[in-house]
Amino acid sequence: MQRLLELLLLGISLGSIYAVIALGFVVVFKATRIVNLAHGSILLFGAYVLSQLHGPLGFWLGLLAALTATVAVALLVELLVMRPARGLDDGALATLTIGVDILMLTELTRRIGGSIPDNGAPWASRVVTIAGLDLPLARVIATAVVLVLLAALAFAFRYTDWGISMRAAAADGPTASLMGISLNRIGLYAWGMAGLAAGFGGLFLSSYPSAGVTATLGITALAAIPAWVIGGFDSLPGAVVGGLIVGVIYSLATGYSEHLAFLGDDFGSVAPYVAMLLLLIVRPHGLLGRKDIVRV
């Protein structure tokens, strides 16, 4: 029982990181209907910038610079790549984000090479004890951050003018444009917020117990895709729910791997995708996603 409780808490803390990353997928899709597959490389870029700047600038200024960098890169992707391509079908737009991801990932992998720089986080490898169980402090902080981000985004989407504009653009872009809502501005808002989420995701994904900033960090971040899909493509609370579910599934599958050996080595890495596929069969729009209604 003690082991189960420990695995559940570890899964929830890991799921919080996936939830932060999944929020970035949600805001772009919710506002623009674009599947942003460049999210992982933007996250890796932020983690790399932090690893290079925390020494000369100190951690907090380095973090500010990294968050600014991820927001700036996300905005450039929207301005230089996605905006000129607006009007293409969804598949073509998703393919463009894959192209951006490949270009960024190739250059970042070249720069990082075989080194594993740390991100200079002041909590380092410290742990906290909860209910008699030791948890990495970085993941506890990640849990708090995802709750703050969720609350801020939920408030913005519901009560601010630009949040309402984003929801209107997501529901019916052409009509929203005719009503005076700038789709260009909405796209910038969404991609900027996704860049911010990627920056925080890179911070926590490269913190203890992770080794540091590795060249595979961007690919690891794509494990948040099952969280995004399970929670619902356009649901902010769904991103959190999906992240927690994926974290717990991964933790349990990894923790009890000796009992799941018949499913193959490292089944824990595959388990979230299996859960995602099973859910899509019964709920194609995810647990909390909006189900589109088509009149015929």
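This is a predicted model: local features need pLDDT of at least 70, side-chain atom pairs count only at pLDDT 80 or more; totals for chains, interfaces and linings use all residues.

Visitor: What makes the phi of R33 worth a remark?

Guide: R33 is not a glycine, and yet its phi is positive, at about 65 degrees.

Visitor: Why is R33 called partly exposed?

Guide: The relative accessibility of R33 is 23%. Buried means under 20% and exposed means over 50%, so R33, at 23%, counts as partly exposed.

Visitor: Why does S51 count as buried?

Guide: S51 lies in helix α2 (residues 39-57). Its relative accessibility is 9%, and the cut-off for buried is under 20%; therefore S51 counts as buried. Leaving aside residues up to four places away in sequence, S51 touches P117, D118, N119 and V213. S51 and A66 are 15 residues apart in sequence, with their C-alpha atoms 9.0 Å apart in space.

Visitor: How do you know that β1 and β2 pair?

Guide: Pairing requires at least two bridges. Strand β1 (residues 127-130) and strand β2 (residues 133-136) have four bridges, in the antiparallel sense. V127 has P136 as its bridge partner, and V128 stands opposite L135. The hairpin has two residues between the strands, and A131 takes a positive phi near 55 degrees.

Visitor: Why is α5 called roughly antiparallel to α8?

Guide: The axes of helix α5 (residues 137-159) and helix α8 (residues 183-205) come within 10 Å and cross at roughly 170 degrees. Angles over 145 degrees count as roughly antiparallel, which makes α5 roughly antiparallel to α8.

Visitor: Which residues of α5 and α8 meet, and what is their class?

Guide: From α5, the residues A138, I141, A142, V145, L149 and L153 meet M193, F200 and F204 of α8. By class, this contact has nine nonpolar, no polar and no charged residues. An α-helix has 3.6 residues a turn, so residues three or four places apart point the same way.

Visitor: Which residues of α5 are buried?

Guide: The buried residues of α5 are L137, A138, R139, A142, V145, V146, L149, L150, L153, A156 and F157.

Visitor: How do you know that the length of α5 agrees with expectation?

Guide: The 23 residues of α5 should span 33 Å at 1.5 Å a residue. Its end C-alpha atoms are 33 Å apart, so the two values agree.

Visitor: What is the corresponding result for α8?

Guide: α8 has 23 residues and reaches 32 Å from its first C-alpha to its last, close to the 33 Å expected.

Visitor: What makes α8 "mostly covered"?

Guide: Of the 23 residues in α8, 17 are buried.

Visitor: How do you know that the peptide bond from Y208 to P209 is cis?

Guide: Its omega is near 10 degrees, and the bond is cis. P209 is found in the loop between α8 and α9 (217-221).

Notes:
Residues are numbered from 1 along each chain as its sequence is written. Side-chain values use heavy atoms; hydrogens and water are left out. Axes are lines fitted to C-alpha atoms, for helices over the stretch in contact, and angles run from 0 to 180 degrees between N-to-C directions. Angles under 35 degrees count as roughly parallel, over 145 as roughly antiparallel, 65 to 115 as roughly perpendicular and the rest as oblique. Contact means heavy atoms within 4.5 Å. Ala, Val, Leu, Ile, Met, Phe, Trp, Tyr, Cys and Pro count as nonpolar, Asp, Glu, Lys and Arg as charged, and the others, Gly among them, as polar. The expected span of a helix is 1.5 Å times one less than its number of residues. Buried means under 20% relative accessible area, exposed over 50%, partly exposed in between (1.4 Å probe, protein chains only).
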